[in-house]
Amino acid sequence: MRRRKEKSPLPQDETLGFGYLAVYGFQHVLAFFAGGAIVIPIIVASAIGLTSAELVKLINAAMLTCGIATLLQAVGVWKIGVRLPLLQGIAFAGIGPLIAIASSNGGGASGLRTVYGAIIVSGVLTFLFAPLLGRIVKFFPPVVTGSVLAIIGLSLLPEAAKQAVGGDGSLDPSSSRNLAYALGTLVFIVISQRVFRGFLATIGVLLSLVIGTLVAWMLGDANFDQVREADAFGLVVPFQFGVPQFSLGAIISMLVVVIITCVETTGAIFAVSEIIGRETKKDDISRAMRADGLSVALGGILNSFPYTSFSENVGLVRLTRVRSRWVVATAGCFMILLGLFPKFGAILTAIPQPVLGGASLAMFAMVAVVGVELLAKVNFKDQRNSVVVAASMGIGLFVTTQPGIQAAAPGWLGFFFESGITAGAISAIVLNIVFHHVGKKDHLEEKGVHELERKSGLTVK
């Protein structure tokens, strides 16, 4: 009697040995840092006047809650979580509204109380209305998702370039050392993909960051003093900035941010599904939105900010071809540990900015490549698709390269010009609806008339 052959697990469900999970997962954590994971708390803290001690609390909370959010999304429970290799990070789209809400409500820790009230409410509403959000799949064909992903990748490249020349506060494009660190890291990643095979090829990004940091340390351009100064243990306490305050205006602003992050997460789901080779289902979006909503609400309780799926890590999945969600879940566990033990985080922050920049150039560009792969499926003989892609990319990159135009927009429209990713994503969605959904019946009738004229050679009036 023949033994029944066991069915191979799906790529996202593949289980790996502990050592592989640890190394691959840690690589995702480094990509998370390279993508500016701790930059947002630093920017917000500086803008609203928080102390250094309060900033440390924000960073610890960010790491802990991003880890929890990642586990909810990658592992899932009940109908929560899409169960794909998606790592959750703090959304860049929220920076402007977070600062505006905190500043207009007293600034400092006092202003954060209103921020967290708005975050909690928006998270709860997202969780409750997740099934409705799941119905938006039809509005995200390849022409939209491909455009959004291409815009995300291209819009993030200037940030990678900024890191490559020293990062905020230390920009020095004329520095030959910065150039050597950045290009050396990028070249190593490229060589690893050409020369290495198997395991070594999949950890090319991790090796590049480790080697780049060691070289910088030997040359005196990196130090680990912050590791000695960091606390050994830091417990995240709920509502440590005070009892949340609730403001209707703040809640509306935060809801806009959460909707934008939902769009980004949806784009990441399509991108990862494309990489894995599976079809995105309506239920995938609903599960992902429930996880996002629960994570956002939990973040408000634990002193963190709204989340979205990090495109940097989507690029890493594409680059390494390691598609198991358990790898990302392991990264989530690492982040939880980092949130509890600041010294671990201090070790990672020792990576020089130019080295991070070199790795980011590869990962951000790979996100754009995934977008191009999706756009290859689009029928560009249909002029409407060409207009959707051209206009959305044009607007997205316009805002990215000229961020000062936000000041020229009316206050109520300011969120649209907050980032090129936001502007480009919204433009692609709206234009697709206008060209492909509004007046759809009339367009089909007109198409039928033209087809009849072509076949008959007559003019139909």
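1. Asp382 and Arg384 are both buried, and their side chains meet in a salt bridge with an N to O distance of 2.7 Å. The structure is a predicted model, and the values in this note should be read with that in mind. Side chains of opposite charge can pair when their charged atoms come close.

2. The salt bridges of this model number four, and a second one joins Arg177 to Asp221, whose closest N and O atoms are 2.8 Å apart. This pair links distant parts of the chain, since Arg177 belongs to helix α8 while Asp221 sits in the loop between α10 and α11, 44 residues away. Arg177 has a relative accessibility of 40% and therefore counts as partly exposed, as it falls between the limits of 20% and 50%. Asp221, at 36% relative accessibility, is likewise classed as partly exposed.

3. Another salt bridge is formed by the side chains of Asp283 and Arg287, with 2.7 Å from N to O. Here both residues lie in helix α13, which covers residues 282–301, and they are four residues apart, about one turn of the helix. Asp283 is partly exposed because its relative accessible area is 40%, which lies between 20% and 50%.

4. Helix α8, residues 176–195, also holds Asn178, a residue that deserves a separate look. With a relative accessibility of 12%, Asn178 is counted as buried, because the limit for that class is under 20%. Its side chain reaches the backbone oxygen of Asp172 at a distance of 3.5 Å. When neighbours within four places in sequence are left aside, the residues in contact with Asn178 are Ala164, Val165, Gly166, Asp172 and Pro354.

5. Which residues does Ala329 touch, once those up to four places away in sequence are not counted? They are Leu71, Ala74 and Val75, while Ala329 itself is placed in helix α15, residues 325–340. Ala329 has a relative accessibility of 5%, so this residue counts as buried. The C-alpha atoms of Ala329 and Gly67 are 8.3 Å apart in space, although the two residues are separated by 262 residues in sequence.

6. Turning to the chain as a whole, the protein has 20 helices and two strands, and 51% of its 461 residues are buried. Among contacts with a separation of 6 or more, 83% are between residues 24 or more positions apart. The accessible surface of the chain comes to about 21000 Å², and carbon and sulfur atoms account for 65% of that area.

7. The Asp382 and Arg384 pair, for its part, has both residues buried.

Note on methods:
Residues numbered from 1 in each chain as written. Predicted model: local features only at pLDDT ≥ 70, side-chain atom pairs only at ≥ 80, totals over all residues. Heavy atoms only, no water. Buried < 20%, exposed > 50% of the residue type's maximum accessible area, 1.4 Å probe, protein only. Contact = heavy atoms within 4.5 Å. Areas by Shrake-Rupley, 256 points an atom, 1.4 Å probe, with all protein chains shown as cover. Polar contact = N/O pair within 3.5 Å; in protein donor to acceptor, adjacent residues only side chain to side chain.
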